[in-house]
Amino acid sequence: MSGWLDAHTARVLVDGLVVTVGLTVVTSVLAFAIGVGVGMLRLSGTRATRVAGATFVEVFRNVPALIQIIFWAFAFPSVFPAGARRTIFFDNPFWEVAGKATGLPLPYYAVAACIGLVMNTGAHLAELFRAGVGTLPSERIDAARSLGAGRWTVFWSFLLPDGVRAAFGAISTRLIHNMKNTALASFVAVPELFHAMQASITASFRATELLTLAAVVYLGLSVAMSGLLQQIDRVLHRGRSRVGPA
């Protein structure tokens, strides 16, 4: 390899890439689940439930993801007394096992980063899912209910699958944005790809080469994730006409 990308640097970057992919998978799945759940709260017939869903969306969608990550990493543990904070968040068998299993030096900070990303992305997905459900023809819902289908039957059989199909294009864009937001985890010392790039730049002073490589890798991840999501979109719409905006 060339002088600026030796074996040690390449290994550090590959390890960071693995962490980035792991963060993307975990946060995307959890954010999707939260987005659907909160989106259904926004569609509830109960005012209190709608207000709770709207409050979640407004708070976590409008507070920047970076601030949320830093809050969960540093501010939230500080609510607890020093001894309890150390025991709950850092020095206990659970975090030791998590650290050994993942190779992360401070696994709680990775959890904090996941919470911030999941809350932020989940709030955006909730609105996209709600909008997707809003494009569905109400006649189908009314017909199902007139045939005796209960609320949960309508949800699982119609609202959830068709709402996701209708919104999946916008959902895909947001999930790719979430992948790029994993770089913000570097601010709380999570050794993902961008953090590994920063460490490599500090060690080698080859900022131009390494940042160019970072841009190329993130571009590649975005293209790969876009292709995967497009395949999922095709599967979701196989044999069906598209509903809602393309």
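**Aromatic rings and a helix pair**

Tyr-109 counts as buried, because its relative accessibility is 14%, under the 20% cut-off. The model is predicted. A search of the whole structure finds 14 aromatic pairs.

**Phe-90 and Tyr-109**
- The ring centres of Phe-90 and Tyr-109 are 5.6 Å apart.
- Their planes stand at 75°, so this pair is edge-to-face.
- Phe-90 sits in the loop between helix H4 (82-89) and helix H5 (93-102), while Tyr-109 belongs to helix H6 (residues 107-134).
- The pair therefore ties together parts that are 19 residues apart in sequence.
- Phe-90 has 25% relative accessibility, so it counts as partly exposed.

**Phe-76 and Phe-80**
- The rings of Phe-76 and Phe-80 have centres 5.7 Å apart and planes at 85°, so they too form an edge-to-face pair.
- Phe-76 is partly exposed, at 29% relative accessibility.
- Phe-80 is also partly exposed, at 27%.

**The ring cluster**
- Ring pairs link these four residues into a cluster, whose other members include Phe-71, Trp-72, Phe-94 and Trp-95.

**Helices H9 and H10**
- Helix H9 (residues 193-204) packs against helix H10 (residues 207-236) at an angle of about 165°, and their axes are 9 Å apart.
- That angle is over 145°, so H9 is roughly antiparallel to H10.
- The crossing of H9 with H10 is right-handed.
- Contact residues in H9 include Phe-194, Met-197 and Ile-201; among those in H10 are Leu-210, Val-217 and Tyr-218.
- The residues of this contact divide into 11 nonpolar, 2 polar and no charged.

Definitions and conventions. Residues are numbered from 1 along each chain as its sequence is written. This is a predicted model: local features need pLDDT of at least 70, side-chain atom pairs count only at pLDDT 80 or more; totals for chains, interfaces and linings use all residues. Side-chain values use heavy atoms; hydrogens and water are left out. Axes are lines fitted to C-alpha atoms, for helices over the stretch in contact, and angles run from 0 to 180 degrees between N-to-C directions. Helices (H or I, at least four residues) and strands (E, at least two) are DSSP runs, numbered from the N terminus. Angles under 35 degrees count as roughly parallel, over 145 as roughly antiparallel, 65 to 115 as roughly perpendicular and the rest as oblique. A crossing is left-handed if the near helix is turned anticlockwise from the far one by less than a right angle, and right-handed if clockwise. Contact means heavy atoms within 4.5 Å. Ala, Val, Leu, Ile, Met, Phe, Trp, Tyr, Cys and Pro count as nonpolar, Asp, Glu, Lys and Arg as charged, and the others, Gly among them, as polar. Rings of Phe, Tyr and Trp (its six-membered ring) pair if their centres lie within 6.5 Å; planes under 30 degrees apart count as stacked, over 60 as edge-to-face and the rest as tilted. Buried means under 20% relative accessible area, exposed over 50%, partly exposed in between (1.4 Å probe, protein chains only).
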